[in-house]
Number of protein chains: 2
Amino acid sequence: MIFNINCCIIYDMSNLYSIRRSYMPSLPAIIASPFENICVKYGHSPTPSGDEKTIKKYFTQTFGQKVITFSVSQSKKKALKPLRTVVVLSGGQAPGGHNVIAGIYDALMKISPESKLYGALGGPDGLVRGEIKELDKNTIDSYRNTGGFDMIGSGRGKITTPEQFKAVEKLCKDNKINSIIIIGGDDSNTNAAHLAEYFMKNDDAGVVVVGCPKTIDGDLKNSSIETSFGFDTATKTYSELIGNIEKDALSAKKYWFFIRLMGRSASHVALECALQTHPNICLIGEEVKSKNETLQDLIDYVADVIKTRAQNGKNYGVCLIPEGIIEFIPEVGTLISELNTLLANSKNEIKSIKKVAELLSPESSKCFLSLPGDIQKSLLGERDPHGNVQVSKIKSEELIGNAVSAKLKKEGVKVSPVFNFFGYEGRSAYPTNFDASYCYCLGYNAVILALFRATGYMSTVQNLTSESENWKLGGVPIVSMFTVENRNGKPTPVIQKALVDLNGAPFKEFEKNRSLWANEDSYIIPGPIQYFGPKECCNSITKTLQLEQS
Amino acid sequence: MIFNINCCIIYDMSNLYSIRRSYMPSLPAIIASPFENICVKYGHSPTPSGDEKTIKKYFTQTFGQKVITFSVSQSKKKALKPLRTVVVLSGGQAPGGHNVIAGIYDALMKISPESKLYGALGGPDGLVRGEIKELDKNTIDSYRNTGGFDMIGSGRGKITTPEQFKAVEKLCKDNKINSIIIIGGDDSNTNAAHLAEYFMKNDDAGVVVVGCPKTIDGDLKNSSIETSFGFDTATKTYSELIGNIEKDALSAKKYWFFIRLMGRSASHVALECALQTHPNICLIGEEVKSKNETLQDLIDYVADVIKTRAQNGKNYGVCLIPEGIIEFIPEVGTLISELNTLLANSKNEIKSIKKVAELLSPESSKCFLSLPGDIQKSLLGERDPHGNVQVSKIKSEELIGNAVSAKLKKEGVKVSPVFNFFGYEGRSAYPTNFDASYCYCLGYNAVILALFRATGYMSTVQNLTSESENWKLGGVPIVSMFTVENRNGKPTPVIQKALVDLNGAPFKEFEKNRSLWANEDSYIIPGPIQYFGPKECCNSITKTLQLEQS
């Protein structure tokens, strides 16, 4: 079935939008060459880091695939058949999603004007429910280089049950779809691998499933994936604001800004923003965990920096806090996991702080009771769909900022804290020139993978620190990125999340400089993302990517 | 005395900073012409809106001055004497302050390389304490086109007592200063008028005092001042974020964003951002006051819009709330003023909600008790330096958003509110091309006023909707902008604040469209401020200015 949603009516548009619509990303030469001239080269077969046996059990068909690189040759191949593709946006917004779709569309039309592109409405659920929409030139053109996922919508649904797989298979049969491209993060691409495996096993028509690496959190990367898309734009948007606030702190000389940044499972966003803006303090969750620090340790550290600055006549500054910091603190992590179990098992809602404290282990009870009232309330408040504590609702910037202020008040230092959370402002921004180009290539390349029937692969664009004409297209088997984690008590293959590597170049660079940044005012003010003008202003890449690839 | 502060050490700089430093604002022809060719034309003598007698009592010397316009002629005048000027930044940061100083510096050096520019450190207090610093070419050049007030710092101090006036006079004598330029909002320019009057009465040397109109709030404007500087940059920075959030709301289709915007005394910032981004809801304080609406009225209005959207399958959206909304609600305004009196008169801190409620009038008591606990706490919390409730600390977005969610829950509509406050991110941003040019002209023109000994004038740059080569330079007597207000029980001349005019074109435009914006998704996504590229992307002016001047 093909449903249509009403496209939002555009009454007016911004000047930037009307100009950016016609921006053509800068691209590697392979994208200009005819598909008939593209050659595939198969490389090695990477070994997943997780237990092979467990992974093989789930992925009998797609285990052991080889990495792919594409190049251009002069050998003419036979004429190409049109592709019929459905694209799915999965999970939270990331700038550039529409450009992935534009790249897919342009590639499909180049293969043959008979090709068709459909969009699943509202994410994976749309695929299961058969809610898809044909995407035509007008639609694609009106979303080129824009942020958001509003062209077809996204969702957090998953395709896991046999009925759901069957439903997707039926959709493909009904609409003669021969390829599915899933744009998502680690979970969504894990799902893509299952779908690929399913079609390899069950489907005579041989639907190809390809993934594209999306997440502003930056935690979907490895030796094949240099960065996920959206990270560049989101961190630059946050860094614009952080830089402006640093400049304001330096001007007014009376406020301490505690800024929480989106990115729950890893601290890449906070680290990248710190490298871009040189704040006085930046907490890194992975370091806190590795050093087994307590909440009190963090409070003491922040208080020390503030006190020293105040003694030097600088009672102002900026402190960055990753959204997920709370979970990285081992004692709080344990508390949260005990609370999840406790509250999931109690049918009646337990709302009394005292009652909850009695039911926890002695350590967690102590930790719980040491927290301020509103944080305790957040922890006992609304659950997420899995019944878990909604860590993203915990205002860790207020928790830490207020505790530090209270501590320093006793020591005679008056702190004026201001609290910020930056998240939603960056998820749907107009993609930077980098993300616009990268995403277009990811989409175009996903079609090349589909054309070569590389199912279960993730689209890869490499050599990103070089000029875009030198970028390399290819694919990596999703299964090769798997580790095995316990999910609901069962060993389950999932894509390994990339946490901040404490021995990696970005963290080392931060570690080398942080005491200087703490004591001086060595702020960097990046300003807003530029789409035009001098190259160094509008085409730079993230510090993380620069440092990791250098 | 001349003090030196240590300039912040710049270890590194952003790419945008290194490019913007050498950006030359586009300017009217008069700025390129020699000072000897500039002619002054005196126009009419505007009548202040406030009681003449009261104003004349304070301003015997400067009352009745005429507006000034400058033009270029070929008549050669006598050689110019060097000026020795001190510049003061007063009040909160606004983007472009450094460019005002750069304009002043360049004009002074053009008059004569023997001219001197000093900066008062930390605002008016620096002037009183004699803490000034010479500003040389290197300093000026390293701050051109940057945001913030960190070159010399700012402050909220005032010059009011005879001793303070004397101290400023002594500073000028000691350093042979013959002109003072004060960059500030309505209060600071009122102060500038007093200083001008003082020097006219008391000083043989005849120090000239000139003001420049600064405030991101946009409430310092009138028939002579088309806009205050900083409003353009700040509203574009907020609109970038609001637009991104609108795009995110439209993509995820599950959140309602309640966004509080800086700007306490007037709702120009919220109105301008609404005109730039077309949110579903924007509250305007001046309208609330004029319609004598209650807090419950506002909650009902917002709830109605949300409910209607939810019924149409759009349970998401964006609601803008001006920071000062609370004070505009007549019943809350009365409550706050009663609380200010009550708490100022009670030596012991009254912290019990019940006790406070008993001491208020019946209406205010009812209003107070209807507020949520954390808002009551905010109202009784820390005072500002005048002993008043710190209205800016009241999270009106949470107050309204939570009340609306609670109301709609009872009616079966589940709202997922997300709260934001945008303020500090916009005060110190890199000035837009408009603000960079406008500020440079304001500063350059302030020096022309000083050269023509136009004391007690505010620098005016008019015809701002035209290309900058057509801008007109001149001056307006500050006293002519005065109204009379009761301050500490005494009729006092102050510059009239410009509130949102409910009959003005900007509000009318908003009013015409708001029900459409409420029901549809007619969001505009302006994107980040651009400094390069197509004119319409990097040189546009605010909707407020366009509509008011058209």
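Asn145(B) sits in the loop between helix H5 (137–143) and helix H6 (162–174) of chain B, where helices (H or I, at least four residues) and strands (E, at least two) are DSSP runs, numbered from the N terminus. Welcome to a predicted model, in which local features need pLDDT of at least 70, side-chain atom pairs count only at pLDDT 80 or more, and totals for chains, interfaces and linings use all residues. Residues are numbered from 1 along each chain as its sequence is written, chains are lettered from A and ligands numbered from 1 in the order in which they are written, and side-chain values use heavy atoms, with hydrogens and water left out.

- Asn145(B) has a positive phi of about 60°, although it is not a glycine.
- Asn145(B) is buried, at a relative accessible area of 1%; buried means under 20% relative accessible area, exposed over 50%, and partly exposed in between (1.4 Å probe, protein chains only).
- Asn463(B) is another residue other than glycine with a positive phi, here near 70°.
- You will find Asn463(B) in the loop between S12 and strand S13 (472–477) of chain B, and its relative accessible area of 28% makes it partly exposed.

- The same surface serves both copies, as 100% of the contact residues of chain B recur in chain A; contact means heavy atoms within 4.5 Å.

**Rings and charges**

- Over all chains, the structure holds 36 aromatic pairs; rings of Phe, Tyr and Trp (its six-membered ring) pair if their centres lie within 6.5 Å, and planes under 30 degrees apart count as stacked, over 60 as edge-to-face and the rest as tilted.
- One of these pairs joins Tyr424(A) and Phe257(B) edge-to-face, with 5.2 Å centre to centre and 70° between the planes.
- This pair crosses between chains, with Tyr424(A) in helix H18 (residues 424–427) of chain A and Phe257(B) in strand S8 (residues 256–261) of chain B.
- Both Tyr424(A) and Phe257(B) are buried.
- Tyr255(A), Phe257(A), Phe421(B) and Tyr424(B) form one aromatic cluster.
- Arg20(B) has its charged end over the ring of Tyr23(B), 4.1 Å from the ring centre; a charge sits over a ring if NZ of Lys or CZ of Arg is within 6 Å of the ring centre and within 35 degrees of the ring normal.
- The charged end of Lys110(B) likewise sits over the ring of Phe35(B), 5.4 Å from its centre.

**Inside the protein**

- In soluble globular proteins, nonpolar side chains tend to be buried together.
- Here, the largest nonpolar core has 188 residues; such a core is a set of buried Ala, Val, Leu, Ile, Met, Phe, Trp, Tyr and Cys residues joined through side-chain atoms within 4.5 Å.
- The residues with the most contacts inside this core are Ile101(A), Tyr238(A), Leu261(A), Ile101(B), Tyr238(B) and Leu261(B).
- Not counting residues up to four places away in sequence, Ile101(B) touches several residues, including Val87(B), Leu117(B), Met151(B) and Ile183(B).

- Helix H13 (residues 330–345) of chain A has 16 residues and should span 22 Å at 1.5 Å a residue, which agrees with the 23 Å between its end C-alpha atoms; the expected span is 1.5 Å times one less than the number of residues.
- The buried residues of H13(A) include Val332(A), Leu335(A), Asn340(A) and Leu343(A).
- Among the elements covering the buried residues of H13(A) are helix H14 (353–359) and helix H15 (362–370) of chain A.

- Thr460(A) lies in strand S12 (residues 457–462) of chain A and is buried, with a relative accessible area of 4%.
- Leaving out residues up to four places away in sequence, Thr460(A) touches, among others, Ser224(A), Asn445(A) and Lys472(A).
- Trp256(A) belongs to strand S8 (residues 256–261) of chain A and counts as buried at 0% relative accessibility.
- Gly230(B) is in the loop between strand S7 (208–213) and helix H8 (231–252) of chain B, and its relative accessible area of 0% makes it buried.
- Apart from neighbours within four places in sequence, Gly230(B) is in contact with Ala94(B), Pro95(B), Ile216(B) and Asp435(B).
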